[in-house]
Amino acid sequence: MNKTYNQKAWFFVVPVFVLVAFNAVVPLMTVVNYSFQETFGSNVFAWEGTRWFKQILHSERFHASLGRQFIFTFIILLIQLPLGIAIALTMPKKGWGVPVCLILMSMPLLIPWNVVGAMWNIFALPDIGFLGNSLNSLGFDYNFTQQSGDAWFTTILMDVWHWTSLVVLLSYAGLNSIQPAYYQAAEIDGASRWDIFRYIELPKMKKVLTLAILLRFMDSFMIYTEPFVLTGGGPGNATNFLSLDLVKMALGQFDLGPAAAMSLIYFLIVLLICWVFYSLMMKNEGRT
Amino acid sequence: MAKITLKELSHSYLSKQSKDTDWALRGVNIDWKDGGAYALLGPSGCGKTTLLNIISGLLKPTRGEILFDDKEVTALNPVERDIAQIFQFPVIYDTMTVYENLAFPLKNRGLSKTEIDSKVKEIGEMLELTSTLNNKAAGLTADGKQKISLGRGLVRSDVNVIMFDEPLTVIDPHLKWVLRSKLKELHQKINRTMIYVTHDQIEALTFADEVVVMHEGQIVQTGTPVELFEKPKHTFVGHFIGSPGMNILPCEIANGQINFEGKIIPSNNSFKKTNFSKTQLGIRPEFIKFSNDGIKVKIKRVSDTGRHKVIDTECSSGSIKILANTSTEIPSDSAHITFEQKYTYIYGDDWIVE
């Protein structure tokens, strides 16, 4: 066997390596670099070992914003998934209603995040905003800039408005791929509407829903722009989520070392949760 | 178990109908005996699946009525009609085990646990699924899944009719035979009315006691496989059944006799009426012989299929296919042929003349 070896082909992959290096590896390594050292500017660094990591992991402030982050993500997943599936189930399957619904559903997704934040800020203002003003004239004491409960309520409502469509569109695509014979067979078997949902629609949507959960988890766990514009993390620290806190630490206080350590911990948490979740969901897929 | 009667059944998927082609079904009348095995045979788009869905109650007909045992069921839904239907590709509930799949229709009908258990085990045994009863249904092969679909239909002892909508489409060829004989065997064992829809003539002819051939939304002939072969009532049946199909040749009628290629051809059917816009002669390739005199044809091509020879010939009225034993000497270039009178039929406007 005379196999020809030609390593020149590697040159064709070089551009990709360069690109990935510049947009991922180099920035990430810079962060790693900062997380182990202390700097006072002018490129002077002093080795600090794992000091920043220990500091972050023991910091009350980090625990608080991480806790807020988990609660926020948990609540929006709890609302958006059932709501998205429910809307997808009621959407028409044919006729003129299909494009109308699809366009209506896509619209929130097309609006830039800072615009969404600004829109909701104005919308919810207690004195002149439509939502804030209406709530107050209905007798509710609503002020999202002063009361933390109201700030949470508004942030969650905004996120539900902005992102439920994504779950709807994914679920709708999943539902549409179910062959009519499944519904016919279920009808003949005497299945109830709930049975059809439980044994046909939900299992057939498993893959798109896995995707929806992953996307919504990652996006909501890293949410920054919308609450930044809407509440700025306030009142006080009430809606100070992880990424808001991170930016405050890095750019507000210029604590580059702890901020770098926090970014890495943050990154690893997202990665770990996604990996565990995905492996659990796909555990039995290989056998079919 | 039930006798099935369809009366003047018509269906259209459009809300307004102006011409014949707007109808998927046109005036279908059927009488099916209790416990029979029937096949609906026809090409894609002939209306056979529409007809099946109307019988099962998944579709409401535009016109006409359906009777089970002389009781009208036209307005009833599938559950009330008590029917079972098996679809083109296997329909299973992925998250359930094989056992749960089979038990599902019974559970929905409120049977007790012990009744369900004995029924499921019996059907599982019949379909050779016993060893996989506790496996997840999603992990089975295509034919295993189709057996589950079948089992969900068989597990209920009260079904009026079991319907199959091209159930072997996704099954491997070597397993088709196995499943088909299984179906036949089941029919003999449980003795229920079964309707089998297919576009495959071999499937239809091997499964059914009586085959209903459909064409453009109409029933063109109902009969046993032998009847369909020996005496097609419509040129479509002649053409669709048999391989190669019947030779349909244009002919003229003068003084009550068939004139084809300037020769008088004796035929099986006699006729009185002659005012057709189109008259044709039908003869199956199996019933054409070479002879010393007769119609002169040119031999175009001979293909040997192993069991017999198919000879493509041509005369001035068109091409004629002939089927002969492999041992038959085929004249080269040109030959004379005669048609066996018993199997020569006259068709007026595509329908047999009687």
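## One helix in chain A

The buried residues of helix 10 of chain A are A:Ala212, A:Arg216, A:Ser220 and A:Phe221. Here, buried means 20 or more other C-beta atoms within 10 Å of a residue's own, exposed means 12 or fewer, and partly exposed is in between, with C-beta atoms placed from the backbone. Seen down the axis of helix 10, these buried residues fall within an arc of 135°, so they line one face of the helix; the arc is that of the directions from the helix axis to the C-beta atoms.

Helices (H or I, at least four residues) and strands (E, at least two) are DSSP runs, numbered from the N terminus.

## How to read the model

This is a predicted model, in which local features need pLDDT of at least 70, side-chain atom pairs count only at pLDDT 80 or more, and totals for chains, interfaces and linings use all residues. Residues are numbered from 1 along each chain as its sequence is written, while chains are lettered from A and ligands numbered from 1 in the order in which they are written.

Most residues other than glycine have a negative phi, and most peptide bonds are trans. Against that background, B:Asp69 has a positive phi near 50°. B:Asp69 sits in the loop between strand 4 (63-68) and strand 5 (71-72) and is exposed, with 12 other C-beta atoms within 10 Å.

B:Asp82 also has a positive phi, of about 55°. Its loop runs between helix 2 (78-81) and strand 6 (83-86) of chain B, and B:Asp82 is buried.

Finally, the peptide bond from B:Ser243 to B:Pro244 is cis, with omega near -5°.
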